[in-house]
Amino acid sequence: MTERLYRHDSFLATFTAQVLESAAVPAGTAVVLDRTGFYAAAGGQPCDFGVLRGAPVIDVSERADGAIVHVLAAAPDFAPGDTVLGTIDFGRRFDFMQQHSGQHLLSQALVRIAGAETLSVHFGDDTSTIDVHSAALSESQLAALEDEVNRAVQSDLAVIVREVPEAEVGAFGLRRPPKVTGTVRIVEFEGYDWSACGGTHVRRSGQVGAVALVKTERRRGGTRLTFLCGNRAVRHHRALNDQAVKLGERLSV
């Protein structure tokens with residue numbers, strides 16, 4: 001099993017590791033390391049990109065035996081037994097840290113404002129979605145939801161990560177039961193939300209920046225919310241403002 005360095009430090013951008021395996025695959029070369037800072041796609045969160053000793057990492061996934069497989073786009077100049085330097089694309093990493101952390105806060109806000117349970121989430125390269133067990137959310141509920149989640153962001157809550165035995169999980173009042181057994185990794189937004197999660201997160205809720213709800217739609221008897229966090233929300237606001245200004249200039253009389 002590969003040691004996952006990001007579980008202890010989501011802000012880790014570089015690391016060294018020993019190569020355990022290297023083999024050709026249709027997409028390039030698959031490499032397994034003894035430890036890694038690269039996040040493997042899971043829980044709706046895409047994998048990290050970056051480089052291993054100059055070779056681009058284009059996919060990262062978990063194998064059934066717990067090993068993390070890094071797919072390189074170019075043939076590497078290293079072999080099993082070598083020590084390599086890995087560098088994470090931190091811009092991409094931080095973006096998904098904002099989205100995933102914002103989702104935890106949004107899911108808790110949904111419970112508090114609408115009593116709506118989160119069913120599933122998906123983090124895309126442009127937007128993210130959350131499916132909830134609620135037939136519909138009114139405009140007033142959506143406004144209150146956006147206010148509540150941003151109140152949690154602005155409260156600058158500490159993010160506390162714990163790894164606890166399965167028998168002790170019940171003491172934390174998790175929003176949803178864990179999907180894993182054995183040792184459970186719990187991510188807490190101090191005093192606000194507790195979730196079993198293996199993803200990457202910010203250190204304090206203030207680093208999420210802001211959460212914007214941009215679309216709602218019916219989905220299999222429930223509701224799907226499309227949301228943007230942090231820098232994505234800023235870019236979205238800028239694009240809408242530019243459109244409004246340009247339309248105003250064209251339509252002015």
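A: Strand 9 gives the most to the lining of the largest pocket, with 4 residues; strands are DSSP runs of E of at least two residues and helices runs of H or I of at least four, numbered from the N terminus. This is a predicted model, in which local features need pLDDT of at least 70, side-chain atom pairs count only at pLDDT 80 or more, and totals for chains, interfaces and linings use all residues. Residues are numbered from 1 along each chain as its sequence is written, and side-chain values use heavy atoms, with hydrogens and water left out.

Q: Which residues lie nearest the centre of the largest pocket?
A: On a 1 Å grid over the protein atoms alone, a pocket is an open set of points where a 1.4 Å probe fits, with protein on both sides within 12 Å along at least five of seven lines; lining residues have an atom within 4 Å of a point. Here 36 residues line the largest pocket, and Val-180, Ala-196, Cys-197, Gly-198 and Gly-199 lie nearest its centre.

Q: How is an aromatic pair read, and how many are there?
A: Rings of Phe, Tyr and Trp (its six-membered ring) pair if their centres lie within 6.5 Å; planes under 30 degrees apart count as stacked, over 60 as edge-to-face and the rest as tilted. The whole structure holds 5 such pairs. Phe-15 and Phe-38 pair edge-to-face, at 5.9 Å centre to centre and 80 degrees between the planes. Phe-15 belongs to strand 2 (residues 14-25) and Phe-38 to the loop between strand 4 (35-36) and strand 5 (50-52), so the pair ties together parts 23 residues apart in sequence. Ring pairs also link Phe-11, Phe-90 and Phe-94 into a cluster.
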